[in-house]
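Dear colleague,

Please find below the structure that I am handing over to you. My findings follow directly after it.

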Amino acid sequence: MRSHTAEPSLPPPGSSAPEPPPHTTGFTREHAAPAGPRAALQRLADHVNTRALVLLRATVGIVFLGFGILKLFPSASPAEQLAVDAATKMTLGLVPETVLLLSLAALETAVGIGLIVGGRLLRPTLVAFFLHMGGVFSTLLLLPDAMWQPHSPAPTMEGQYVVKNVVLVAVCLVVAADTWGSGSRSSRRPDGTDRTTSG
C-alpha cells in the first residue's frame, strides 16, 4: 500500500513569501464618533465645508439680485443717485440718466442670477462682476466730495457703502480661483500634458 505525504508548496522563484497577518491582542480600542452637541457641530461643519463655494456664490448672488431689482423702481435704492452720478461722469454725460439706471439694474440683476445659477453662466458672470466692481470703486475718485469727509481721510456714509464691497470682491476672488483653477486642471492629463495642445 502506497502512502501519500503532502509536501509543503513553495512560492515560485523570485516571489516573496506572504507576510503573516499583524498580531492583534484583542484590546484594540476603537475611537467612537463624538456624540451630543459636539457631533452635531461636526456634522454642520462638514456640511458647510463641502458646500462652501455654493454658499458663497448664492449669498453674493442674492445681494446683487436684490440691489438690481431695487434699481428698477424709482427712489427705492439708497445708492441710486450715487450710481447714476458716477455713471454719468464715466459716460461724459452722453447717456440719459434713465438709461444708465436701467442698465445698472439689468447688469446687477444678471450678475445675481449668474452667481446663483452657476454652471456655464459662472465664468462670464465673474467677468461682468469684476468689471462692475471696477466702476463701483472708481466712485471713490470720481465723486470725492460725496465719498470722503472734508479735511479727513474717513469715508462718508456713502463712501463706507462703497468700501464694504471689498468683502464681495474677496468672495468672488475665491469663487473665481476655484472656477478657473478647476478649468485648467480639467484640461490636463494625469501626466501633466495639456489636452488641448496634443493631437
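Helices in this message are DSSP runs of H or I with at least four residues, strands are runs of E with at least two, and both are numbered from the N terminus. Leu92, for instance, sits in the loop between helix 3 (80-90) and helix 4. Please note that the model is predicted.

Overall composition

The protein contains 8 helices and 0 strands. In sequence order, its pattern reads α-α-α-α-α-α-α-α. Of the 199 residues in the protein, 26% are buried. Among contacts with a separation of 6 or more, 62% are between residues 24 or more positions apart.

Glu108 and its partners

How many salt bridges does the structure hold? The structure holds 1 salt bridge. It is formed by the side chains of Glu108 and Lys71, at 3.1 Å from N to O. This pair links distant parts of the chain, given that Glu108 belongs to helix 4, Lys71 belongs to the loop between helix 2 (52-70) and helix 3, and 37 residues separate the two. In general, side chains of opposite charge can pair when their charged atoms come close.

Helix 4, which holds Glu108, spans residues 97-117. The side chain of Glu108 also makes a polar contact of 3.1 Å with the side chain of His132. When neighbours within four places in sequence are set aside, Glu108 is in contact with Phe64, Leu65, Phe67, Gly68, Lys71 and His132.

Packing of helix 3 and helix 5

Helix 3 packs with helix 5 (residues 122-142) at an angle of about 85°, and their axes are 10 Å apart. Angles of 65 to 115 degrees count as roughly perpendicular, and helix 3 is therefore roughly perpendicular to helix 5. On the side of helix 3, the residues that meet the partner helix are Ala86, Lys89 and Met90; on the side of helix 5 they are Gly135, Ser138, Thr139 and Leu142. By class, the residues of this contact comprise 3 nonpolar, 3 polar and 1 charged.

Thr125 is also located in helix 5. Its relative accessibility is 8%, so Thr125 counts as buried. The side chain of Thr125 reaches the backbone oxygen of Leu121 at 2.5 Å. Residues up to four places away in sequence not being counted, Thr125 touches Val111, Gly114 and Leu115.

Pairs separated in sequence

Val171 is part of helix 8 (residues 166-186). The relative accessible area of Val171 is 16%, which means that this residue is buried. Although 111 residues separate Val171 from Val60 in sequence, the C-alpha atoms of the two are 7.9 Å apart in space. Val171 touches Val60 and Leu56, with residues up to four places away in sequence left out of the count.

A second pair consists of Thr98 and Pro74, which are 24 residues apart in sequence and 9.7 Å apart in space, C-alpha to C-alpha. Thr98 is a residue of helix 4. Its relative accessibility is 56%, and Thr98 therefore counts as exposed.

Backbone angles for your attention

Most residues other than glycine have a negative phi, and most peptide bonds are trans. Leu92 has 70% relative accessibility; the cut-off for exposed is over 50%, so Leu92 counts as exposed.

His151 likewise has a positive phi, near 60°, and is a residue other than glycine. Where does His151 lie? His151 is placed in the loop between helix 6 (144-147) and helix 7 (157-163). With 88% relative accessibility, His151 counts as exposed.

Kind regards

Notes. Residues are numbered from 1 along each chain as its sequence is written. This is a predicted model: local features need pLDDT of at least 70, side-chain atom pairs count only at pLDDT 80 or more; totals for chains, interfaces and linings use all residues. Side-chain values use heavy atoms; hydrogens and water are left out. A polar contact is a pair of N or O atoms within 3.5 Å; within protein, one must be able to donate a hydrogen and the other to accept it, and residues adjacent in sequence count only if both atoms are side-chain atoms. Contact means heavy atoms within 4.5 Å. Buried means under 20% relative accessible area, exposed over 50%, partly exposed in between (1.4 Å probe, protein chains only). A salt bridge is a side-chain nitrogen of Lys or Arg within 4 Å of a carboxyl oxygen of Asp or Glu. Axes are lines fitted to C-alpha atoms, for helices over the stretch in contact, and angles run from 0 to 180 degrees between N-to-C directions. Angles under 35 degrees count as roughly parallel, over 145 as roughly antiparallel, 65 to 115 as roughly perpendicular and the rest as oblique. Ala, Val, Leu, Ile, Met, Phe, Trp, Tyr, Cys and Pro count as nonpolar, Asp, Glu, Lys and Arg as charged, and the others, Gly among them, as polar.
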